[in-house]
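Me: I have a structure to read. Please take me through it feature by feature, with the general idea before each case.

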Amino acid sequence: MPLDHAPRYHFRDVRREDFPLLGRWLAEPHVAKWWGESAKELAGIEEAMTSVETRPLIVELDGMPIAYLQCYDPHLEEDHPYQDQPPGTLGIDISIGDPDLTGMGHGSAIISQFCAELFATGAARIVIDPDPENAQAIRAYEKAGFRFLDTRHSIYGPAHFMVLDKA
């Protein structure tokens, strides 16, 4: 999935000064519906900032933060339910922060660009696991090339488990 144009989005590591913005995003109804309680999620992001298995990122468009993205290696997490996936598999999660930016194609475009970058650096498969009721996210992931593999149950509940393999 090579990029046929200059990358549109910039991915950078989350910094402590991002926490007020992340807290606002997590409180937005379109995000809160799918994520847990804001303070708990922020604590998880803070913990991930120093972990080896998860990398929390801010997605910027023209220098403006627009989304939260995290990438993780299920093989580095003890008892992760996705360890049955092939070596080189990485998982991702994404949320567009500002509700005015949803439904505009940013989700699938961000995922397409990010996955192309992950494949270019050696990833063999990317997985994503939206809630089965999150039809908007599922459509965005399908648009980015993901296909449904099966229904799973994670610590967060049921998951519409989707995969994208390196072409």
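Reply: Strands here are DSSP runs of E with at least two residues, helices are runs of H or I with at least four, and both are numbered from the N terminus. This is a predicted model, where local features need pLDDT of at least 70, side-chain atom pairs count only at pLDDT 80 or more, and totals for chains, interfaces and linings use all residues. Residues are numbered from 1 along each chain as its sequence is written, and side-chain values use heavy atoms, with hydrogens and water left out.

Me: In which sense do strand 4 and strand 5 pair, parallel or antiparallel?

Reply: Two strands pair if DSSP finds at least two bridges between them. Strand 4 and strand 5 have 3 bridges and run parallel. The chain goes from strand 4 through helix 4 to strand 5, a right-handed β-α-β crossover. Right-handed means that, with the strands pointing away from the viewer, the path from the first strand over the helix to the second runs clockwise.

Me: In which sense do strand 5 and strand 7 pair?

Reply: Strand 5 and strand 7 are antiparallel, with 4 bridges. I126 has L164 in strand 7 as its bridge partner. Strand 3 and strand 4 are antiparallel too, joined by 6 bridges. There, L69 has I94 of strand 4 as its bridge partner.

Me: Which residues have the most contacts inside the largest nonpolar core?

Reply: A nonpolar core is a set of buried Ala, Val, Leu, Ile, Met, Phe, Trp, Tyr and Cys residues joined through side-chain atoms within 4.5 Å. The largest has 31 residues, and I92, I110, I111, I126, Y141 and F146 have the most contacts inside it. Helix 4 gives the most to this core, with 6 residues. A second, separate core has 12 residues, including L21, L22, V31 and I58.

Me: What does I110 touch?

Reply: Contact means heavy atoms within 4.5 Å. Leaving out residues up to four places away in sequence, I110 touches Y9, F11, V59, I66, A67, I94 and I96.

Me: Which residues of helix 1 are buried?

Reply: An α-helix has 3.6 residues a turn, so residues three or four places apart point the same way. In helix 1, the buried residues are F19, L21, L22, G23, W25 and L26. They pack against helix 2, helix 3, strand 2 and strand 3.

Me: How many aromatic pairs are there?

Reply: Rings of Phe, Tyr and Trp (its six-membered ring) pair if their centres lie within 6.5 Å; planes under 30 degrees apart are stacked, over 60 edge-to-face, and the rest tilted. The whole structure has 4 such pairs. In one of them, the ring centres of W35 and Y68 are 5.9 Å apart and the planes are at 75°, so this pair is edge-to-face. W35 is in the loop between helix 2 and helix 3 (38-48) and Y68 is in strand 3, so the pair ties together parts 33 residues apart in sequence. W35 is buried at 18% relative accessibility, and Y68 is buried at 4%.

Me: Is R152 buried or exposed?

Reply: R152 is buried, with a relative accessible area of 12%. R152 sits in strand 6 (residues 147-154). A polar contact is a pair of N or O atoms within 3.5 Å; within protein, one must be able to donate a hydrogen and the other to accept it, and residues adjacent in sequence count only if both atoms are side-chain atoms. The side chains of R152 and D84 make one at 2.8 Å.

Terms used:
Buried means under 20% relative accessible area, exposed over 50%, partly exposed in between (1.4 Å probe, protein chains only).
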